Amino acid sequence: MMVEKLGKKRYVLPFAAFLVVACVMSLVVYPMVTAEPKGLPLGILSLDEGAQSPQGALNAGETIVEQILESQDEEETHAVTWTEYDSQEALDEAIENEELYAAIVIPSDFSQSQVDAKTAEAIAAAAQTEQAAKVAAARASAEASETEGASSPNGTTPQGDLSSGAQSSIPNAAAGSADSEIPKISPLAVIIDEGKNPLAASTVKTMLTSMLAEQGLAYTLEIVDEADIGGGTLNMAQQFTVLPVFIMSMICSVALFVATKPAKDATRSQRFKTIGMQAMFILVLSWLIGFGTTALVETSGLSIPSLDTGLFLWLASFCLMLLFVGCLDIATPLGAVVILGCFACGMACGNLPYELLPTLYQDWLYPWVPQHFIGDGIRQIFYTGATAANPAAGGLIGAGFVGAIALCVAPLVAHSTGKAVNTDPPIR
C-alpha cells in the first residue's frame, strides 16, 4: 500500500536499495582488503653485560638496540613501533598488561659468547694453518725421498707413501675437533603474545624471525597466552561467534519491533506495557542466541569454556537487542540507521586488530562499534582465561544502557507516524 502511494517513484526503489547495499558491503569489505600493519607495539630488552675483546670493550646487545631504534626513527611510516625496557620485570608487566604483541630479549652473556666464539675460531684457524704447514713440509720431505728412491738402483720406498697418507689425514681430524670445540653464540629470546591478537601476533612472528634470520642471529621462540581450542583458530572462533550473534540479534530485534509495534492511537500506558513486553522477549531471545551460538561453536569441533562463552554472548546479544529495539521504538529510520551503521562499520572490527585497520576506522569507528567488544571478549575468554565479566563487557553494557534509555524514552516522544494521544483517565 505504501509503495503504491509513491507512484512512478517506486521504480527508483531497486536502485536505491542497490546503492545502500553497495555502500554497506564496501564498508564491510574495505578494511579487510586493505589491512596493513601500522605501529604494531613491540618491546626490546638488552640484559647484555658486555665483554672485553682484543679490540676493547664490547656490548653487542646495546648495538642491536641502537640499530633497531635508529632504523625506526628513520622511517616515516613503519609497521612496528619499538619500546626499549630497562628490566625483565618491566617487560613482563607490559606483556601481562597486553601492551605488546612481541618482544626480543638479548641474554646477559651475548657479547661474551661472541668473544668466546671468535677467539675459538681464531685458535682453530691458527691450528689448522700450523697443521697444514706441517703436512706440506711432510709431503715435501716425502716427495724428496721418492725422488731419491727413484734415482737409486733399489727402486721406490713405500714407507714414504704411507707417511704421506697418514699426514694428509691429520688436518681433517684437527678441523673436526676444532669445529666441535667452538662455542655457540647465545640465542636471543623472541616472545610472542598470542593473547593480544593471534592475527597480529602471527604477522609479528613472521617479521621478527625473518629479520633475525637475515642477520644470522640464533633465537628461541616462546609463545605466551597460547590457546588450545581443539585445533581451531581465533579467526574461526570469532567468525562462529561475532557474526552469528550480531546477525541473529539484528534479525530478532527487527522482528520483535514489527510484532509488538503499538498502534498509532495507543495510550502512553499501553506503550509502556509494550516496552515491558519487549524487554521480556529480549531477555529470552538473547539467552537463546548466546547459548545457541555457543552450542554451534562446540558442535563445530572447537573446545571452549562453555559457561563463560554462553554468558558473555548472552550479555552481548541482550545489549545489542536493547539498542536496536530502543532506537526502532523512538523512530524507525533512526533504528534502521543504527542497525545498518553497526553492521557496516563494525564487522571488520570484530576480527582485525586495531593496528591493521585503516585510519578512519581506528579514529572514528573502532572505539564504539559493538563487534569490537564482542571480539575482544571472546579473545580474552579463549586465550587469557578471562571470565564472562571481562573488560570488554563494559563496552557492551554501555551500548545496552543507551538502548535501555531509548526504550524508556520511546513512549514519551513523538513518532514519525504521529503523536500518541494520552487517553488515560485523569488522576483525581
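In which helix is the place of Ala-399? Ala-399 is found in helix α16, which spans residues 392–409. The structure is a predicted model, in which local features need pLDDT of at least 70, side-chain atom pairs count only at pLDDT 80 or more, and totals for chains, interfaces and linings use all residues. Residues are numbered from 1 along each chain as its sequence is written, and side-chain values use heavy atoms, with hydrogens and water left out.

The chain contains 16 helices and 7 strands. Helices (H or I, at least four residues) and strands (E, at least two) are DSSP runs, numbered from the N terminus. Of the 428 residues, 38% count as buried, where buried means under 20% relative accessible area, exposed over 50% and partly exposed in between (1.4 Å probe, protein chains only). Among contacts in the chain with a separation of 6 or more, 78% come from residues 24 or more positions apart; contact means heavy atoms within 4.5 Å. Leaving aside residues up to four places away in sequence, Ala-399 touches Cys-319 and Leu-323.

An open sheet of 5 strands has the order β4-β1-β5-β6-β7 and mixed pairing. Two strands are taken to pair if DSSP finds at least two bridges between them. Strands β4 and β7 (219–224) form the edges, each pairing on one side only. On average, neighbouring strands of this sheet are turned by 20 degrees against each other, direction ignored. Axes are lines fitted to C-alpha atoms, for helices over the stretch in contact, and angles run from 0 to 180 degrees between N-to-C directions.

Strand β1 (residues 40–46) runs parallel to strand β5 (residues 102–106), and 5 bridges join them. Leu-42 has Ala-102 of β5 as its bridge partner, and Ile-44 stands opposite Ile-104 in β5. Helix α4 (residues 88–96) packs on the sheet and touches β1, β4, β5, β6 (188–193) and β7, its direction making about 165 degrees with that of β5. Helix α8 also packs on the sheet, where it touches β1, β4, β5, β6 and β7; the direction of α8 makes about 165 degrees with that of β6.

In a regular strand the side chains alternate between the two faces of the sheet. In β5 both faces are covered: Ala-102, Ile-104 and Ile-106 are buried on one side, and Ala-103 and Val-105 are buried on the other. Thus 5 of the 5 residues of β5 are buried. Strand β5 is joined to β6 by 4 bridges, and the two run antiparallel. Within β6, Val-190 is the bridge partner of Ile-104, and Ile-191 that of Ala-103. Strand β6 is likewise mostly covered, with 5 of its 6 residues buried. Strands β6 and β7 pair in the parallel sense over 6 bridges, and Ala-189 has Thr-220 of β7 as its bridge partner.

Thr-209 lies in helix α8. Thr-209 counts as buried because its relative accessible area is 16%. Its C-alpha atom and that of Leu-221, 12 residues apart along the chain, are separated by 9.0 Å.

The largest pocket holds about 440 Å³ of space. On a 1 Å grid over the protein atoms alone, a pocket is an open set of points where a 1.4 Å probe fits, with protein on both sides within 12 Å along at least five of seven lines; lining residues have an atom within 4 Å of a point. Grid points are joined across faces, edges and corners, and a volume is the space filled by probe spheres set on the points. The pocket is lined by 20 residues, of which Gln-67, Ile-68, Ser-71, Trp-82 and Met-211 lie nearest its centre. Two or more lining residues are given by each of α3 (60–74), β4 (80–85), α5 (110–151) and α8 (198–214). The largest share, 5 residues, comes from α3. The lining divides into 13 nonpolar, 6 polar and 1 charged residues. Here Ala, Val, Leu, Ile, Met, Phe, Trp, Tyr, Cys and Pro count as nonpolar, Asp, Glu, Lys and Arg as charged, and the others, Gly among them, as polar.
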